[in-house]
Amino acid sequence: MSLNLYLLRHGETTYSITGGYCGELDPDLTDNGVKMAIAFGKAHQAIAWDAVFVSPMKRTIATAKPLCEAIGAEMQFREGLKELRYGKWEGLSNEFVRENYKDDYLRWLSEPAWNPPTGGETAVQLASRASLVVAEIQEIYPSGNVLVVSHKATIRVILCNLLGIDLGRYRDRIDVPAASLSVVQFGALGPMLKVLGDRSFMDAELRSLSGT
């Protein structure tokens with residue numbers, strides 16, 4: 001039996017609606033974000049879960065809560081699963097950043113692996129801390145089903161790192177909408193992407209919501 005790593009992005013927040021930069025900020029889920037979390041829990045509670053690893057932020061904890069309560073699982077918090085740190089861009093709109101941090105923004109846009117948001121974190125730094133959590137999971141759970149509840153950039157970077165995709169292209173190659181699920185299976189030949197950005201467990205109204 002192989003390890004199946006389920007990567008769940010947190011549900012909708014006000015920042016995922018507006019597209020504002022939100023890494024270290026700690027907003028709650030919106031009402032629709034809570035509905036997304038409940039829908040995930042109901043649809044996936046029959047899976048034989050071995051562990052649930054969660055970024056220690058309110059939006060990820062609230063997303064994991066319905067499933068964990070349904071199956072009686074304890075959340076294992078890991079700092080390495082937190083979102084990319086956006087530094088001085090935290091809470092700002094994309095338009096404001098483009099106008100007021102133009103040089104840093106253009107460098108970050110062209111090569112985010114090595115160029116951080118102003119005062120923030122590079123994709124390489126994010127990959128370094130997140131990969132330690134993935135390695136820990138692989139060591140403890142060589143087989144079974146493990147859920148990781150994390151954030152947009154973090155999940156994109158984890159997937160790029162596992163699949164051999166250039167980290168500088170994480171924003172261009174991988175899309176993970178709010179509360180979407182991606183699954184990587186670790187087999188004899190290494191990690192294989194089985195599911196990407198799935199939201200079929202939600203009703204049509206939730207799936208239709210716009211957002212980043």
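Predicted model: local features only at pLDDT ≥ 70, side-chain atom pairs only at ≥ 80, totals over all residues.
Visitor: At which residue in α3 does a kink lie?
Guide: Look for the proline in this helix, Pro 66. Shortly before Pro 66 there's a kink of about 40°, and the residue where it lies is Lys 65.

Visitor: What do the buried residues of α3 pack against?
Guide: Buried here means under 20% relative accessible area. In α3, the residues Arg 59, Thr 60, Thr 63, Ala 64, Leu 67 and Cys 68 are buried. The buried residues of this helix pack against β1 (3-9), α2 (31-44), β2 (49-54), β3 (75-77) and β4 (144-150).

Visitor: Which residue just after α3 takes a positive phi?
Guide: Step just past the end of α3 and check the backbone there. You'll find a phi of about 70°, and it belongs to Gly 72.

Visitor: Now for the largest pocket: which element gives the most to its lining?
Guide: This pocket has a volume of about 400 Å³. Of the 20 residues lining it, the closest to its centre include Gly 19, Tyr 86 and Lys 152. Elements giving two or more residues to the lining are α1 (14-18), α7 (152-163) and α8 (170-173). The one that gives the most, with three residues, is α7.

Visitor: How many charged residues are in that lining?
Guide: Sort the lining of the largest pocket by class. Seven residues are nonpolar and seven are polar, while the charged ones number six.

Methods. Residues numbered from 1 in each chain as written. Heavy atoms only, no water. Bend = angle between axes of the 7 residues up to and from the residue. Helix = DSSP H or I, 4+ residues; strand = E, 2+ residues; numbered from the N terminus. Buried < 20%, exposed > 50% of the residue type's maximum accessible area, 1.4 Å probe, protein only. Contact = heavy atoms within 4.5 Å. 1 Å grid on protein atoms, 1.4 Å probe; cavity = no way out; pocket = protein on both sides within 12 Å on 5 of 7 lines; lining within 4 Å. Points joined across faces, edges and corners; volume = space filled by probe spheres on them. Nonpolar A, V, L, I, M, F, W, Y, C, P; charged D, E, K, R; others polar.
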